[in-house]
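Visitor: I'm new to this one. Can you walk me through it?
Guide: Gladly. Here it is.
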Amino acid sequence: MNNVIVAENLDVGYEKKVVVEQVDVCGIKGQLICLLGPNGAGKTTILRTLAGLLAPVKGAVQINGDDIRDMKKADLAKKLAVVLTEQVSLGLLTVYEIASMGRYPHTNFMGKLTQEDKEIVDKSLRAVNAVHLQDRYYSELSDGEKQKIMIVRALVQQPELIVLDEPTSHLDIKHKIEVIRILHKLCMEKGITVIVSLHDIDLAIKGCQTILLIQNGKIAAQGTPEEIIKEGTIQKLYDIEGAQYNELLGSLEFTNSQNPEIFVTGGNGTGIGVYRAISRAGYGMYCGVLHENDIDFHVGKALNCNVIWEEAFNRINDINYKMAQKQIESVDYVIDTGFPVGNINRLNVELILNSVKIGKTVFALCDKDSMKNRYGELAPKIHCCSNIQEIINYISKNKYLKGMKTCNDGISIINRGQSASI
Amino acid sequence: MDQKKQRRNRQIFLIVLLLALIIIVSLISISVGSVNISLKNVVGILMGWDIGNNTFKSIVMDIRLPRVLATVIGGACLAVSGLLLQIFFRNPIVEPYVLGISSGASLFVGLVVLGGYTFGVKHVTPMFLFGGAFIGAMIVMLAVVFAAKKVKNITTLLIIGMMAGFICSALTSMLTAFADKESLHGFIMWTMGSFSGFSWLQDKYLYILGVPFILLSFLLSKPLNAMLFGENYALSMGLSIKTFRMIIILIASVLTATITAFAGPIAFVGLAVPHMVRITFGTSDNRILIPGVIISGALMTGVCDLGARMLLAPTELPLGAITSLFGAPIVIYLLLRKGDDL
């Protein structure tokens, strides 16, 4: 078989204390395996054990069928390389020197590089696009470049397996993507098996072939991203509070816990920005009527808005329409996001028109020119705005004035009370 | 490729320059003093020519040359020991003195020198002195290493080392309270650090103990380079870390003990020289750094010893004061100019 690394029923931990139990890992040639889990779940402990830096509490790790405890350190180093989160004090070593340290298990007593060694270093630098950095000092590199160089060093070791502990932490999005692409390339082109722990859920789901979810000292699930990442998986895995992760979109939304004061329509993505802005401004909202295959539906849900939804591609039915109307009656403001109107969502326009009729303040985010077309003769009664911020400012101001008024009422009541007692 | 060659040429040039400077400083050091001997005569005596002045010859051959040779090897030992400790602890501000290793050696030298009579030792031999210094250095070093396993925080570790140093110093002062006057004076002079009065016999011990361990540390350049990546990386590259750790402790202790036993505790050479070399040579690669540190350590100690003798002649100043006075501003200057972390 071409299983490069196999660990069955492995208990990992420090001395007698088990951190994660019953770990099963099986890495075949050229596979990219990702460990995903919250801080402190034991990802690093698993990686350290797989890399032979930590003895397993129970079980064994085998590389090409050999137990790594029985292998000579130098032989293991020719098969397995690591990229760790440790601080290194390499300030005055050049990139080339650091990369060539990867030849450590291959070179002679004083570490002299042969022509072959030099070619391997050059090739590896080229593989990760770091040739231009080779004469720079480590201390002159950015975090992203530093990480890249540590990957080159591992690659120069010419291993069959590379274990990386959170190689994308502290990196910006550009370098995160670059690192994952490099790892992907190593798997595909060089047939190296890569085991990596990541914090970026998105990168893991989209970039890795196999994912291990680690939670509460156990492997919660293992398989391809499509198999194991279901709705709510991430929420549960990280025990997220105050925000919702949407697996379908790979996006995170801060949950809104305010009571709805505004009714917002939506559709075809016109709602996303509006929902987020209103939520950021600290208002709760009703959203409707949205189709369940619309992106606005997913974002509205993730924001914890009160969403009225219709089945995909179905005309909005009466029940939903009436429910929406009830909600509109309970709020002061209604916002039309300027969604495209078609056969199945035509009733949303009716909802807007009805709101005007029952005296709600209605805003519309669409061109002045299309107002007439969209609302007919009621168009003049609808506030046409060019962006959501205008609307929020208006609502905030009104709310403030209203607050002042109730406050004044309160004072006059007190005054009256006093005069009564006199 | 060009840049690599340029850097290499610069490093070779620096090594040659420093070697030449050592020779020049040594010659000056031999020539000046309470009796000034011209450089021509110094060279003549060293070459074995008859210059017709036996007093000069005996001053040069019996007093000044042994002293200069002692400063050369002594400085090299201290600087290499400092470098090894900096790599071992992955910290730029450790050296034998800071970690209390010198103080440990001092305590045991004190026991031998001051308490020797009480313990029935009539005559203090160099080997006995070295034995005491070595035991003292090892005890403190092992205590600090043991603490290093428990506490990962380097500041805590430094404080532990300093406290160990204080304990040793306190015990040493208690010893001096009971010591007889004659040996006390000698001991006090010794604790200030000095290369004065070195004999050929002491030189022999210094070189027999120092040279092999300095060479050994150079041979360990490759694993020392791996250590720059930290223990886990070093392990993953195939280094047997446990054995290697013991070897480093052994070398650093022997080097510190050797020099402390004969010349007393000398601060700052172990701390300053590695930094100066790293920055002027522009590398952390130990294959270049170690030769550079050996030569620069020898040079710095040579210059400081010359300064100690000549600055306020005929009074000789404590060497430790001069090394600190010289070294500290240089390190600060280099750091400010370079402006990056070490």
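Guide: First, a term: strands are DSSP runs of E, at least two residues long, numbered from the N terminus. Also, this is a predicted model.

Visitor: Okay. Which residues does the cis peptide bond join?
Guide: The cis peptide bond joins A:Gly288 and A:Val289. Omega there is about -20 degrees.

Visitor: And where is A:Val289 placed?
Guide: A:Val289 is in strand β14 of chain A, residues 284–291.

Visitor: New topic. What is the phi of A:Gln22?
Guide: A:Gln22 has a positive phi, about 50 degrees, though it is not a glycine. Most residues other than glycine have a negative phi.

Visitor: Where does A:Gln22 lie?
Guide: A:Gln22 lies in strand β2 of chain A, residues 17–28.

Visitor: Why does A:Gln22 count as partly exposed?
Guide: Because A:Gln22 has 15 C-beta neighbours inside 10 Å. Buried needs 20 or more, and exposed means 12 or fewer.

Visitor: What about A:Asn129, what is its phi?
Guide: A:Asn129 has a positive phi of about 60 degrees, and it is not a glycine. A:Asn129 sits in the loop between α4 (115–127) and α5 (143–156) of chain A. With 13 C-beta neighbours inside 10 Å, A:Asn129 counts as partly exposed.

Visitor: Over to chain B. At what angle do α12 and α13 pack?
Guide: Helix α12 (residues 269–281) and helix α13 (residues 286–310) of chain B pack at about 125 degrees. Their axes are 9 Å apart. That angle makes α12(B) oblique to α13(B).

Visitor: Is the crossing left-handed or right-handed?
Guide: α12(B) passes α13(B) in a right-handed crossing.

Visitor: Which residues of α12(B) and α13(B) meet?
Guide: From α12(B), they include B:Val269, B:Val273, B:Met276 and B:Phe281. Those of α13(B) include B:Ile288, B:Leu289, B:Val293 and B:Met300. The residues of this contact divide into 10 nonpolar, four polar and one charged.

Visitor: Now the two chains. How many residues does the contact take from each?
Guide: The contact takes 27 residues from chain B and 25 residues from chain A.

Visitor: Which elements give two or more residues to the chain B side?
Guide: On the side of chain B that touches chain A, those elements are α1 (2–31), α9 (221–227) and α10 (231–236) of chain B.

Visitor: And how does that side split by class?
Guide: The side of chain B that touches chain A has eight nonpolar, 11 polar and eight charged residues.

Conventions: Residues numbered from 1 in each chain as written. Chains lettered and ligands numbered in written order. Predicted model: local features only at pLDDT ≥ 70, side-chain atom pairs only at ≥ 80, totals over all residues. Helix = DSSP H or I, 4+ residues; strand = E, 2+ residues; numbered from the N terminus. Axes fitted to C-alpha atoms, helices over the stretch in contact; angles between N-to-C directions. Parallel < 35°, antiparallel > 145°, perpendicular 65-115°, else oblique. Left-handed = near helix turned anticlockwise from the far one by under 90°. Contact = placed C-beta atoms within 7 Å. Nonpolar A, V, L, I, M, F, W, Y, C, P; charged D, E, K, R; others polar.
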